[in-house]
Each structure stands twice: as structure tokens, then as C-alpha cells.
Amino acid sequence: MKPVQIVLEDKESLDRVDGPLKVAGAATYSAEYQVDKPAHAVLVTSTIAKGIIAKIESEKASSAKGVLAVISHLNAPVIPGYPAPKQPAERAPVGTSFRLFYDHFIYFDGQPVALVVAETLEQANHAASLVRVEYQKETHATDFEANAISAVVPQSVLRSQNSPFKDYERGDPDAIDRAEVKIESTYTIPTQHHQPLEPHAIIAVWEAEDKLTVYDKNQGVKSAQGNLAQVFKLPRANVKVISPFIGGAFGSGIRVWPHTIAAVLAAKHIRRPVKLVLGREQMFTSVGYRPYTVQKVAVGASKAGNLTAIVHEGTGQTSQYEEHLERTILAGRSLYACPNVITKYRLLNLDVNTPTWMRGPGDATGMFALESALDELSYALKIDPLELRLRNYAETDPERNLPFSAKSLRQCYEKGAEAFGWKNRAPEPGLMKNKGMLVGYGMASSLYGFHRHPSMAKAIMLENGSVVVQSATMDIGPGTGTAMTRIASQVIGISSRKIRFDLGDSSLPDAPGQNGSSTIPSVGSAVFAACTALKAKLAKLAAEMPGGDTASYQEILRFHKLAQVEAQEESKSGPERDQYSMYSFGCHFLEVHVHPLTFEVKVTRAVTCADVGKVINYKTARSQSIGGLVGGIGMALMEASVMDHRFGRYVTSDFASYHIPVHADVPQMEVLFIDQPDVRVNPIGSKGLGEIAIVGVAAAIANAVFHATGKRVRELPITVDKLI
């Protein structure tokens, strides 16, 4: 497979193709579509974490001005995809997706218990405040630390022999006990919420009894189409999901959430379009979060610094009704050349809503623990942290016993360390100072699995010589349309200004959602295939013309009296997936300044270097990497969702109380790439970048804080109280 050859000079990077629309305010987001006579819906949510609904008083709300409907489990229309409720009603077993307005059980605080629909948003909000719900409370369990002793292995982990989440063991299980030098520590990641600027929103429109259109903030229009078709028992082709612009998601838009079902149900019930926009408080209980996770890591090595054993055990939080599994403990199997490795993963079911994937899901969580432990080991051995990683560099994948499709992590270390000035690091903590501030250097590796899904794209040459490329993929911010335009321009050989890329519409050719750093590897390969096929068709038509070898595309279509020529192709993985181990690699180097009296921490410099195969568009790739670093700063120093366990309710419920980095928290960042195509992974030689940009950042910051202060913080976020 021959990779696309793209020269990555800054001057040749494309500006964002959707930039002018966004800057001008002309980009239409989910809540902004104009439909005929939309009604407005507001959710009423539970105020207890566990129990049953004893009574709902909705008469005042129903009779309020402008109210069109008040829907609850008492009167909700039947949702065809739900099974008939059992009599008497029973709590949903573990492994069951949440069913909206299905019965009287409460599973978490903030659970939707009713929906008020009115002519205006103000009327809906007022009427919602009039709904009175009485509960029979039950004792809830929301405190992870207090309930961790009851953690169990979810059945889905045990059911599949090929599950990556099952217990893993290679080599000698007792090797850790015989290690010449051993570090054993516990690391904690709190619950963290996505907090995109745009809240989740939907407009649901029933075009006919069996035909549905939704404008939804969703990262996967095709998966949403399939889910809604299944829930409402509609032909898939009769469901259309539109979401071309998304104001940040970070994983919160990967699945269809209950509020989407609620809006669709209400629109069906009142026979009018319904708009529902979540409030900021509801964003904490309605669209998932990074799960609270506790990890125990033990690493053993010889005195010479060769790893002899890794034991990584993780327990993640999930709801009582659904299992959410993450890749928390997987990196230690592949990242380093260690002969003896044990990993175990468990879930703790609590009375909370279901977590979801968030900014490097599992990997960012697990690498905080693993890379912190490696740093601790380096100090115990008195070996430079970077040198320790180089001594244990894995040339082939020790987990699968396969060669890597391509791996330039060693070059990432060298390039990043040189740009950062790692050689100037003092070996002992607390020795480096600058203008009265304690200075710390920290680094960490980054690893993220390669994901390529079957994808389709269509390329259409129009008679004016412009090209339209289409695929039902998404763009949550990294610049998907820009990258696809760049690929099409390179393959077809025309200016990017003559190319339009259509996305965010489920009626377009099949493509996966934007998650798992899979968009460019998957959809980019399909665009490459479609444009290659289109170019071949045009070449064949040119061959039928006198002097066709010098004809322009417009002349070819004009000669053959064609309004357009199109080609649609599918691209998917082949046998290479079983022949090679495929990952993106990288590393981060960060400097922190810590005030010696107040212990306030500030990140002052950052250098990141990634091996992601071919970089398709440098400018947007650099922005992705900066975004990952910023997210890592938030993860390490600020982000935590605090719950009052007396009530099972989040205390953090707005932007004021949930802290994320602002401009003053972000230093100048240097982004580097190896930029060598991995010709084994796909036709364009490009691997995923989105997640690897954040994986390992929190560990690098924690390691820098230790280097500055000599105080090891193993529970995020690293706040002043943990350093004093």
C-alpha cells in the first residue's frame, strides 16, 4: 500500500475549511435549526439517588399556560424497543441500558422522571418547577472509597475468552516478590466531567408516522441512526440524524442518551417538533463522565534498571444497571519490555449514572498510574527517568509477540528531550529554582491503540471542475473536513479551494463516529480510495478522447457530455491486523513552577512529540496536540467532580465550581512529530492523534511536581492541600 506523499511545511497546511463559517457565526449547531412550530421540552429530574417514585403530582404543571404535555412513567407512550415491563416491576439487572420513563425505580440522582413540553422554553421551565415528586428513599451507595471492598468482576469481563479486560498474566506470577528493587503504590483518578462549551441539545421532527429526523449533538450519526431505529422500531433508512457542527464533546456525544429519547418520544406524542437543551447542571448527570478509578501498581526491577515485573490492578466506577469498561490496565502489557506482567480489572457498581468515554478513555487513566510508578522506580534506582524507559524499550510487542507495524518512540524521546532541554535536569528533587520558585521537570510516555473501522466515501467531480467528497463522519473540533480536503486534493491533484467535504449527515456513505482516534485512519482511507477510483474513471474517459492525456477535468466531462462523474469506495482493515501490533506512540516533557510557601503549581513549559504515522495537515494536528496538553493540565491540576455522599448529589454543578484550564494556566507549547508514514496500517500511512495527545500528560505533570518539591501526589487533581 503506497502512502499519500504530503510535504508538511507550515505554509502548505490548510486553514480550517469550516473556519470562516464558525468565525462568522454562520455554523448551525443542534439547537439552532429552524423547524416549523417547535415546542420546548424541559426535564424534571430525581432528587434522590436510590428508591422508588411514590407519587407524581403534575396537575398544576399540566394546566399551566402553554403546556402541551407532561410525560412520566405513569403516562408515557410505549417505546417499541423496550421490553414489556415485568409485573411486579423489578430493578434492571446489571448490563441493561437505562430505560426512560419505564418504571418507578430511581437509580441515580438527576435521573429523568418527567418531561414537560410547552410552547416556549420559559413556559416549560415554569411548569417543570410545578411538578411535585414524592419518593420512598432507599439507602444509596455513591462513595467509591467506602464501598470499594464490594467490587466484583462484571460478567461481561468473564464471558468472553478474548476480552482484553479479563485477567492477564505472562511469565512468573511471583516475580514481583523477588524483585531487587520494588515500588508499590495506589493511584486515584476522581470523577471528571467533559464540560464542552456547547451543552447537549436535540430537535426531534417526525416527518411521518414512521419517518424521523433529529438534529442532535452526537459524535456518530450512523450509530445514533441505528440506535434510534432500534428503540422506536423504524426502518433504519427512515431515520435521519444531522450533526455537522459540534461545540466540543470529548466523548460525551458517543452514544444516544436518555434526553434524546425523551425529545423523540415527546415529538411523537404531541405531533410537533420538540427542542430539548440540557442545562449545565444536567450535564453532570445526563451524558456520562470519566469514572472514579483506583489503581494499584507494583513495578519491580534489577538494580541495573531492567524491569522484571509489572502488576497493574484497576477498579473503575459504573452504575448499578450498566457496565462501562475502560482500557485502564492495558498499557503495561505492551509498552515496556518486561517478562512478567499481571493485570486485573474490576468494576464497582454504585448508585450513579453510567460513565462514558472521556479524553483518552482508560489509557489516560491507566498511564497516570503506570508512568507515575515508573518515575518512582527511577528515583529508587537513581536512574534518570528517561534513561529508565530507554533501558526497557520494547522493540516488538511483548503482549502479542508480534512486530510493531511501525514504532518511532525512541526518536520521540530524543527529539522531545532535545527540544525541552532535559539534559539540564538536576537529578535530585528540590534542587532547581528560578526567581524564588521551585522548578520541576517531568516526563512520561504515551501509547494509544490503533483503530481503523470499515468506512465509505463518495467523490463527485462536477462539470465546473470542482469536487464534492462525502462521508457520514463527524467533526467534534479537530478539523475533520480540513484533513479530508487535504487528502482529496493530494490524490486528485486539484486545489483544495475546489473541494467541498460533506459530513455530519446519516444519509451520507457509512462511516464510524468520531472516537478512538479512528477518523483519519478510517475515513481518510475511504476518501483516499474514493478519490483514487474517481481519478481512475476520469483517466479512462480521457483515454477515449483525442489528446486526452493533456485534457483538464472540465474538458473531459464536457467532451463526454457528463454533468458529473462519481466513485464510491469502502476501505477496511485486512490481514495486517493479525500480522502486526499497531499503536500510536509519543512522549511529553513538562516544566512546573511551585511556590515554596503556598505550593501553588503552574505549568510553565511543555514539549510533546508524537509518532502517529503520516501527519495529514500540520496546522490542525498541532492544534489537536495542544488541546490534549491543555486537557492534561486540567486532568492533573484542576478537574474533579465533587459529590455530597449524604445525598448522592454533585456539589460541582456549573462552570464556576468545576475548574478547567483558562489561558493563564496554559504555557507556550512546542509540538513535534516524527511524521513517518506507517505503510502497514492503511493506504495513507496515518495513525490516530486525538487521544495520544492527552495520554501521559497528567503523569508528566505529577512527576514534575515531585521533582520540584519531593512530594509525590498519587491522587488527582494535584491541589495545594495535597502538597502542604
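Here are some friendly notes on a few helices and one aspartate in this predicted model.

1. Ground rules. Residues are numbered from 1 along each chain as its sequence is written, and side-chain values use heavy atoms, with hydrogens and water left out. Because this is a predicted model, local features need pLDDT of at least 70 and side-chain atom pairs count only at pLDDT 80 or more, while totals for chains, interfaces and linings use all residues.

2. Helix α13. This helix covers residues 480-492 and reaches 18 Å from its first C-alpha to its last, close to the 18 Å expected at 1.5 Å a residue (the expected span is 1.5 Å times one less than the number of residues). Helices here are DSSP runs of H or I with at least four residues, strands are E runs of at least two, and both are numbered from the N terminus.

3. α13 with α14. The two pack at an angle of about 30°, with their axes 9 Å apart. That angle makes them roughly parallel (under 35 degrees; over 145 is roughly antiparallel, 65 to 115 roughly perpendicular, the rest oblique). Axes are lines fitted to C-alpha atoms, for helices over the stretch in contact, and angles run from 0 to 180 degrees between N-to-C directions. Residues making the contact include Ala483, Ile487 and Val491 of α13 and Val523, Val527 and Phe528 of α14. By class, the contact has 12 nonpolar, 4 polar and 1 charged residues.

4. α6 with α7. The axes of α6 (221-231) and α7 (258-270) come within 12 Å and cross at roughly 55°, so these helices are oblique to each other. Asn227, Leu228 and Val231 of α6 meet Thr260, Ile261 and Val264 of α7; no charged residues take part.

5. Aspartate 397. Is this residue buried or exposed? Aspartate 397 counts as buried, because its relative accessibility is 0%. The residue is found in strand β16. Leaving aside neighbours within four places in sequence, aspartate 397 is in contact with Arg333, Ser334, Leu402, Phe404, Ser581 and Tyr583. Its C-alpha is separated by 41 Å from that of lysine 537, 140 residues apart along the chain.

Terms used
Contact means heavy atoms within 4.5 Å. Ala, Val, Leu, Ile, Met, Phe, Trp, Tyr, Cys and Pro count as nonpolar, Asp, Glu, Lys and Arg as charged, and the others, Gly among them, as polar. Buried means under 20% relative accessible area, exposed over 50%, partly exposed in between (1.4 Å probe, protein chains only).
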